[in-house]
Amino acid sequence: AELKASIVRHRGEVEAVAGRVNRDVVQGRLIPLAKEQLMPIVRRHAEVPAEAIGRELWDRASLWRFGWRAIYDSTPLPEKGLVREEWKRFVDDEATQVIESHADELTLALQRIIAEVAVDPSIRRELTQAAESVAADPQSRALVKLVLQEAVLENQSLRDRWQEIWTSPQASAALSIAGERLEPVVRRIGDEIFGSRENGIDPDFARVLRNQVLGKDRRWIVATMRPRQIATVDVLAEDVPVIELSRTTMVYPIIYVADASVEVSP
């Protein structure tokens with residue numbers, strides 16, 4: 001109810017955004033996409049069952065029943081709407097049965113259409129770009145944010161209703177059942193990760209706790225870069241020690257800190 005009221009309050013902004021989306025996205029991108037790429041796919045998979053349904057509907061339709069009612073409706077006689085009544089009867093009694101008899105064919109065609117559309121890279125790319133253009137539009141984002149804020153965040157009746165639901169006896173009973181069923185699973189996960197009451201804290205978790213949380217068990221090696229010394233007669237140049245930057249991550253719990261801006265040549 002509040003969502004509808006919020007949209008009504010911002011009808012002018014909604015119509016402006018909708019008009020721009022219809023012009024730029026629907027008319028400019030989606031309709032050409034449907035004509036050029038989607039319709040051939042739909043026609044390829046749905047043409048056969050659609051033609052079969054059309055032939056059966058035509059065979060069942062009575063031109064006489066529709067014709068004399070149309071003539072009657074065009075006369076100045078008081079009773080009108082006979083064509084509409086006949087159409088409703090035809091849809092309810094005839095068309096529905098025909099379509100239901102071809103339900104399996106229609107379902108298969110729909111599945112094939114969806115499967116082909118889903119793997120077509122050009123269609124996926126165009127739909128993604130269309131959705132991104134709408135999502136990135138500042139006016140659209142601001143309007144959606146405003147409507148959601150009014151309809152959800154500032155909706156006191158919704159808060160009251162949520163409070164009523166979550167504090168109800170039914171909710172308490174459901175949470176209790178869920179807790180009883182999840183407790184053994186959660187406890188087993190905890191025993192695997194943290195340790196158990198019988199065996200104590202897991203050694204691996206203890207190392208993580210001491211190193212990452214408590215800052216214990218750390219050793220630091222400080223390497224200071226100095227100008228390279230000229231090799232003497234006793235020490236060849238290739239024997240001079242060097243420090244190289246690591247190119248791969250180290251195995252935990254070793255922690256390395258390096259200034260990437262310092263160039264170290266071998």
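How many salt bridges does the structure hold? The structure holds twelve of them, where a salt bridge is a side-chain nitrogen of Lys or Arg within 4 Å of a carboxyl oxygen of Asp or Glu. Before I go through some of them, a word on the basis of the values. This is a predicted model, in which local features need pLDDT of at least 70 and side-chain atom pairs count only at pLDDT 80 or more, while totals for chains, interfaces and linings use all residues. Residues are numbered from 1 along each chain as its sequence is written, and side-chain values use heavy atoms, with hydrogens and water left out.

Let me start with the overall layout. Along the sequence the pattern reads α-α-α-α-α-α-α-α-α-β-β-α. Of the 266 residues in the protein, 15% are buried, where buried means under 20% relative accessible area, exposed means over 50%, and partly exposed is what lies in between, with a 1.4 Å probe and protein chains only. If we take contacts between residues at least 6 apart in sequence, 57% of them join residues at least 24 apart, a contact being heavy atoms within 4.5 Å.

I turn now to one helix pair. The axes of helix 1, residues 2-9, and helix 7, residues 138-153, come within 8 Å and cross at roughly 145°; here the axes are lines fitted to C-alpha atoms, for helices over the stretch in contact, and the angles run from 0 to 180 degrees between N-to-C directions. Helix 1 contributes Glu-2, Leu-3, Ser-6, Ile-7 and Arg-9 to this contact, and helix 7 contributes Val-147, Glu-150 and Ala-151. By class, those residues divide into four nonpolar, one polar and three charged, with Ala, Val, Leu, Ile, Met, Phe, Trp, Tyr, Cys and Pro counted as nonpolar, Asp, Glu, Lys and Arg as charged, and the others, Gly among them, as polar. Ala-5 counts as partly exposed, at 28% relative accessibility.

Which residue forms a salt bridge with Arg-9? The partner is Glu-150, and the closest N and O atoms are 3.0 Å apart. This pair links distant parts of the chain, with Arg-9 in helix 1 and Glu-150 in helix 7, 141 residues apart. Arg-9 is partly exposed at 49% relative accessibility, whereas Glu-150 counts as buried because its relative accessibility is 17%. Leaving aside residues up to four places away in sequence, Glu-150 touches Glu-2, Ser-6, Arg-9, His-10 and Asn-155.

A second salt bridge joins the side chains of Arg-29 and Glu-126, at 2.9 Å from N to O. Since Arg-29 lies in helix 2, residues 11-60, and Glu-126 in helix 6, residues 121-135, the pair ties together parts that are 97 residues apart in sequence. Both ends count as partly exposed, with Arg-29 at 23% relative accessibility and Glu-126 at 22%. Salt bridges that share partners also join Glu-2, Arg-9 and Glu-150 into one network. A further salt bridge is that of Arg-89 with Glu-94, where the closest N and O atoms are 4.0 Å apart, and Arg-89 is partly exposed at 26% relative accessibility.

My last topic is the aromatic rings. A search of the whole structure finds two aromatic pairs, the rule being that rings of Phe, Tyr and Trp (its six-membered ring) pair if their centres lie within 6.5 Å, with planes under 30 degrees apart counted as stacked, over 60 as edge-to-face and the rest as tilted. The rings of Trp-87 and Phe-90 have centres 6.0 Å apart and planes at 35°, so this pair is tilted. Both residues lie in helix 4, residues 82-101, three residues apart, which is about one turn of the helix, and Phe-90 is buried with a relative accessible area of 6%. For Phe-194 and Phe-205 the centres are 4.8 Å apart and the planes stand at 80°, so that pair is edge-to-face. Phe-194 lies in helix 9, residues 169-194, and Phe-205 in helix 10, residues 203-213, so the pair ties together parts eleven residues apart in sequence. Phe-194 is partly exposed at 42% relative accessibility, and Phe-205 is partly exposed at 23%.

Terms used: Helices (H or I, at least four residues) and strands (E, at least two) are DSSP runs, numbered from the N terminus.
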